[in-house]
Amino acid sequence: MSKRPKQLIIGCVGKPSAGKSTFLNSVTEANAAVGDYPFTTIEPNEGLAMYTVPCPCLLYDVTDSCDPQFGSCKNGERNIPVKVLDVAGLVPGAHTGRGIGNKFLDDLRHAHILLHVVDVSGTTDENGRATLGYNPVQDIQWLEDEIMLWIYNNLINKWGSVLRKWKAQGKAISKYLQEKLSGYGCKRSTIQKAMDKLKLTDNGILTDWDDDMIKMFCVEFVRIRFPTILVLNKIDMKDSHKNIGKICEKYEDDKMVLCSGLIECYLKKLRKEGYIKYDGLETIITSNDEDNSELIPLSKKEYKRVERIRNKILLPYGATGVHDAIQKAVELKNYFPVYMVENINSFEDASGHVFGDSLLIPPNTTVGSLMSRKQLDVFWKVQLPNSQPMGVDSIITPDRNILKFTYRGAVEEDSY
């Protein structure tokens, strides 16, 4: 049986007090501890965020009966859970053990993609301490350097062993590097891609790799193994726009999201307490906006604050940006949903839920690896909605992602 596709894990990284825990609380219901002091988060916090895609219930006209077991579906918009991990703040020198150092970096190993939460307000220095006029551009570079140096130190400490094996056996270089870097959850193909970037070949001479080349390899390895979205947080604060401009001059726009985790948390709280209706995007409705409203009236002070948020953040940006970060992260890794049903007419799963069972899978996932992850060895036949059979080696794609599983001994229904 093929290897199981791994559950996608998004890691939130950044210096202390950048707003990582607030961001986690804004996109999940994690309730992580927050504070304006270093190392509020000691143990990694976890939560489930939602990735939004069009639901197939629209295509098959079963929107009214769509009933996900996990996540939700509203008017054909499917919210699929994705795991988000927030670990303790990283500081310069963490690869040497400074701050919480290697503990932070070990927690990071489990993530497939990183959201670097950057405090663009300029009100915290590189150690997370309160200041004014700090340039956050430098945070992006030193954090990338810290992750690279963590991996470099681990690799260079084993370099003698790598060379001895290579000299004794003389096989492909990527094989030995993958053995030493397997703790980072990487495939051999990840090693080969990093080598390709530097025009290094598998049949090259490993003893020609000097210290600079090993570091260059580690830089490329980090970029491939830990692709990163820059989450420019605290956009509601005074000097944020100036600092955003500095960052945009140096980094790619398509791997950047502007957001305010604090405002999202505030709006979620008002919605939960019955003061507003909020769609998670740009629409806020208060009791002033409706006749005979069931909403609790806001105080004059709170109403002014909500209006400022509406005019200064939601209307210009279209949202607080926190959910955009999740969307970009999933899409950068090219994960997509697969839906598992047992009745191709009603699209019900084993529990009778219409399009009830779904999960996100990476590209090139086979039917066999999906069955392994879901422990579906009791099934003997897998089909598409048009009754086309799918073998265990068949690759699931975004346009072939509704699969009917038939139990051994089950009576099959007629299909369209």
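Start with helices α5 and α6: α5 passes α6 in a right-handed crossing (right-handed if the near helix is turned clockwise from the far one by less than a right angle, left-handed if anticlockwise). This is a predicted model, where local features need pLDDT of at least 70 and side-chain atom pairs pLDDT 80 or more, while totals for chains, interfaces and linings use all residues. Numbering runs from 1 along each chain as its sequence is written, and side-chain values use heavy atoms, without hydrogens or water.

Select 159–169 for α5 and 173–181 for α6: the two pack at about 145 degrees, axes 10 Å apart. Helices here are DSSP runs of H or I, at least four residues, and strands are E runs of at least two, numbered from the N terminus. Axes are lines fitted to C-alpha atoms, for helices over the stretch in contact, with angles from 0 to 180 degrees between N-to-C directions.

Next, select His 112, Ile 224, Arg 225, Pro 227 and Lys 333, which lie nearest the centre of the largest pocket, among 42 lining residues. A pocket is an open set of points on a 1 Å grid over the protein atoms alone, where a 1.4 Å probe fits, with protein on both sides within 12 Å along at least five of seven lines; lining residues have an atom within 4 Å of a point. Colour β5, α4, α7, α8 and β6 too: each gives two or more residues to that lining.
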